[in-house]
Amino acid sequence: MKTASVILDINTQSLDSSYTYAVPDDMEGVEVGCPVLVEFGRRQAVGYVMSVAPLDEADELLDASKLKPLLAVLGESCFDEHAAALIEHMAYTYIAPLSSCIHLFTPAGRTPKVVKDGDGWRLQKPAKRRARKDAVDDGEPEARTSNDDLSLTEGQKAAFDAISEAIDGKPDAGRCIVVDGVTGSGKTEVYLRSIGKVLEAGQGAIVLVPEIALTPQTVARFKGRFGNTVAVMHSNMTQAQRYDEWTAVKRGERRVVVGARSALFAPVGRLGIIIIDEEHESTYKQESAPRYHARDIAVWLGDRLGIPVVLGSATPSIESLHACATKPGWRKVDLPERANGKPMPDVEVVDMAKEFHSGSRSMFSKRLTQALFETVDAGHKAVLLLNQRGFANFMLCRDCGFVPECPTCSVSLTYHEVEHALICHHCGRRQPVPARCPECGSPYLRKFGAGTQRVESELKALLEGRDVPVIRMDSDTTSTRNAHEELLKRFARPGASVLLGTQMIAKGLDFDEVTLVGVINADTQLKLPDFRSAERTFDLIQQVAGRAGRGVFAGKVYVQTYVSESVAVQAAAHYDRKRFLIDELPKRKMLRYPPYARIADVLVWGHDAQEVQKAAQALAQRVEAALRDNGGEGWVSFGAAPCLLSKIRNMYRWHILVKAPAGADVSAVLSPVMRSRKASKTVNVACDVDPLSVL
């Protein structure tokens with residue numbers, strides 16, 4: 001007799017373990033990853049098999065006569081034993097329901113469910129997928145042109161050799177290779193050759209990109225090299241399209257998967273390498289359960305499978321740089337020059353406070369305006385970035401650049417429109433908005449921030465009389481399917497054009513005709529009260545600067561700022577990461593933030609403000625007790641406090657920030673608190689382990 005360990009497809013943290021069922025002797029097709037129908041309590045439920053094993057007669061805790069049998073096998077396996085181990089690892093590490101982790105490995109919309117039907121329950125199987133009208137004969141991969149004969153730069157060769165050694169499993173080769181290459185250094189070619197080596201060995205590859213819709217050029221290169229062996233998977237596809245790609249990968253018809261973070265869970269057979277491009281990007285962090293980080297999961301999976309994980313970026317995350325310096329198995333390879341030999345563009349920091357003193361009231365400095373005119377008149381292209389990722393409005397003196405800060409927390413005070421007050425979201429301190437700047441007495445103390453629509457309007461007025469298309473790329477203009485690609489096609493048309501957008505335009509753009517990049521305001525994100533604000537500012541300036549001067553013509557970058565002395569801004573302008581880290585790392589260490597500590601953010605939200613506050617404060621007491629009993633030295637909770645965005649969509653939000661020593665098992669301490677909490681219909685609770693932001 002065999003038994004099956006089954007995880008139920010019921011989304012609740014209270015079901016945080018698998019259940020053992022008997023496998024009937026005449027039942028076929030029971031294997032790891034397959035959906036099954038089981039009896040659970042007084043109802044039927046769908047579950048997924050995590051393991052199958054002979055009944056252990058010596059197990060005194062297991063009474064075989066009381067085991068319920070599996071009722072039916074509902075489909076083919078969706079994942080293997082390695083994925084099963086990863087599911088349990090993710091559920092434990094990120095304190096998430098097991099079922100939410102399983103859903104990462106199943107085809108969207110194509111799984112069986114048990115649904116409520118009157119007073120009972122009934123099984124609802126997915127509809128059968130019709131054959132694709134546009135289906136092609138996959139057969140053998142199309143013949144594609146190889147670039148293997150093209151010479152590599154010294155940096156590219158060193159990176160490829162390091163990855164090759166890891167693929168071959170050579171001693172001391174390392175399993176995690178950080179490819180630290182400037183924009184335009186040819187990292188993609190290194191990825192392509194590494195994948196080619198893996199494919200020759202009969203293995204598969206997974207390539208993650210930050211946002212698939214923003215990188216059509218990158219996807220085109222992979223398809224151009226490997227033909228129809230490439231599967232593209234991302235959220236902008238229909239469920240039917242994703243299912244077709246998922247099925248093709250499962251059958252082995254596609255051996256290279258390119259996609260956003262969820263592509264990491266594609267059923268690639270004999271996986272040989274995982275590549276994460278622009279590994280510093282925040283889009284690799286999932287914002288809902290399970291709140292995983294694709295980089296960390298890839299490293300765990302790579303260790304289990306014994307395969308290399310390649311992390312590429314022009315601005316590697318501080319965590320990855322620290323790991324290369326301190327962890328065995330991590331290795332960094334530098335690509336300090338562009339593949340075409342062209343220099344990185346000069347970056348000029350424009351002090352907007354001085355501009356204001358000179359009488360200029362425009363959001364475009366004189367330097368940037370003149371450069372913009374010269375660029376479009378020459379028939380070239382320009383990219384203008386509005387660093388609007390920050391959502392907090394803050395006060396800024398346009399005379400001296402002063403920003404009101406909390407004296408006890410050293411973070412900017414947030415402007416609240418309704419209360420007309422400045423509030424610290426760390427300690428709760430509040431103060432009235434001063435009529436004049438406390439620093440210089442200027443009356444020009446204003447709420448800071450401008451939207452892309454306003455900038456677009458002023459930009460068109462600035463370029464009036466010149467027949468130059470202005471293409472705006474933000475969340476409003478890219479909400480429809482294929483909108484990103486269509487906008488980029490417009491920008492790519494011959495002749496002068498200007499691309500205006502938010503941080504999304506800093507990713508993956510490769511146009512030889514771009515000779516000018518302008519950062520409208522580098523301060524918005526820098527002044528957010530978050531420990532990664534300086535790092536994000538440094539990264540964004542360097543990334544967007546790399547869009548200029550990639551072709552025949554030299555590039556120029558203008559960074560407009562009211563805090564021109566900021567180390568993050570100055571270091572980025574001079575491509576001086578060492579200077580930035582010398583300033584940033586001691587702060588992280590002193591304040592106990594990653595990579596010198598681990599943090600977790602317990603989130604509490606609901607429609608009733610008083611209920612949410614009461615629940616958060618009660619939970620904070622339980623968290624503090626758990627830290628005292630099980631945490632030990634170096635663990636600290638900061639108690640319950642309103643989130644920076646204290647209300648979203650009529651939901652009031654509180655959080656409890658926890659800091660622990662680096663390498664500590666945060667989940668072991670917090671998981672019992674979270675899983676023992678009684679479910680509430682009015683207040684939601686979640687734990688974000690290793691959050692990218694504490695806002």
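Biologist: Where is P290 found?

Modeller: P290 is found in the loop between strand β12 (271-277) and helix α7 (294-305), where helices (H or I, at least four residues) and strands (E, at least two) are DSSP runs, numbered from the N terminus. This is a predicted model, in which local features need pLDDT of at least 70 and side-chain atom pairs count only at pLDDT 80 or more, while totals for chains, interfaces and linings use all residues. Residues are numbered from 1 along each chain as its sequence is written, and side-chain values use heavy atoms, with hydrogens and water left out.

Biologist: And what kind of peptide bond joins A289 and P290?

Modeller: The bond between A289 and P290 is cis, with omega at about -5°. A cis peptide bond also joins P594 and P595, where omega is about 10°, and P595 lies in the loop between α16 (577-591) and β26. As background, most peptide bonds are trans, and most residues other than glycine have a negative phi.

Biologist: What is phi of D172, then?

Modeller: Phi of D172 is near 65°, a positive value in a residue other than glycine. D172 sits in the loop between α3 (154-167) and β8 (176-181), and it is exposed, with a relative accessible area of 80%. Here buried means under 20% relative accessible area, exposed means over 50%, and partly exposed is in between (1.4 Å probe, protein chains only). Y575 likewise has a positive phi, near 50°; Y575 is in the loop between α15 (567-573) and α16 and is partly exposed at 30% relative accessible area.

Biologist: Switching topic, how many disulfides does the structure hold?

Modeller: The structure holds zero disulfides, a disulfide being a pair of cysteine sulfur atoms within 2.5 Å. For C397, which is in no disulfide, the nearest cysteine sulfur is that of C437, 3.7 Å away. For C101, also in no disulfide, the nearest cysteine sulfur is that of C687, 13 Å away.

Biologist: Is C101 buried or exposed?

Modeller: C101 is buried, with a relative accessible area of 0%, and C397 also counts as buried at 0% relative accessibility.

Biologist: How many residues of helix α18 are buried?

Modeller: Eight of the 10 residues of α18 (residues 666-675) are buried, so this helix is largely enclosed by the rest of the structure. Among those buried residues are V666, L670 and M674. The elements that cover them include α1 (81-93), β26 (597-606), α17 (609-631), β28 (651-661) and β29 (683-689), counting as contact heavy atoms within 4.5 Å.

Biologist: What do the buried residues of α17 pack against?

Modeller: The buried residues of α17 pack against β26, β27 (636-648), β28, α18 and β29; they include V612, A616, L619, A620 and V623. An α-helix has 3.6 residues a turn, so residues three or four places apart point the same way.

Biologist: How far apart are the end C-alpha atoms of α17?

Modeller: The end C-alpha atoms of α17 are 30 Å apart, which agrees with the 33 Å that its 23 residues should span at 1.5 Å a residue; the expected span is 1.5 Å times one less than the number of residues. At the start of α17, a side-chain oxygen of D608 comes within 3.0 Å of the backbone nitrogen of Q610, and after the helix comes G632, whose phi is positive, near 90°.

Biologist: Over to strand β10, which way do V230 and V232 point relative to A231 and M233?

Modeller: V230 and V232 point one way from β10 (residues 230-233), A231 and M233 point the other way, and all are buried. In a regular strand the side chains alternate between the two faces of the sheet. β10 pairs with β11 (residues 256-259) in the parallel sense over four bridges, two strands being paired if DSSP finds at least two bridges between them, and A231 stands opposite V257 in β11.

Biologist: Where does T375 sit, in the end?

Modeller: T375 is in helix α10 (residues 366-377) and is buried, with a relative accessible area of 7%. Leaving out residues up to four places away in sequence, T375 touches H380, K381, A382, T515 and L516.

Methods
A polar contact is a pair of N or O atoms within 3.5 Å; within protein, one must be able to donate a hydrogen and the other to accept it, and residues adjacent in sequence count only if both atoms are side-chain atoms.
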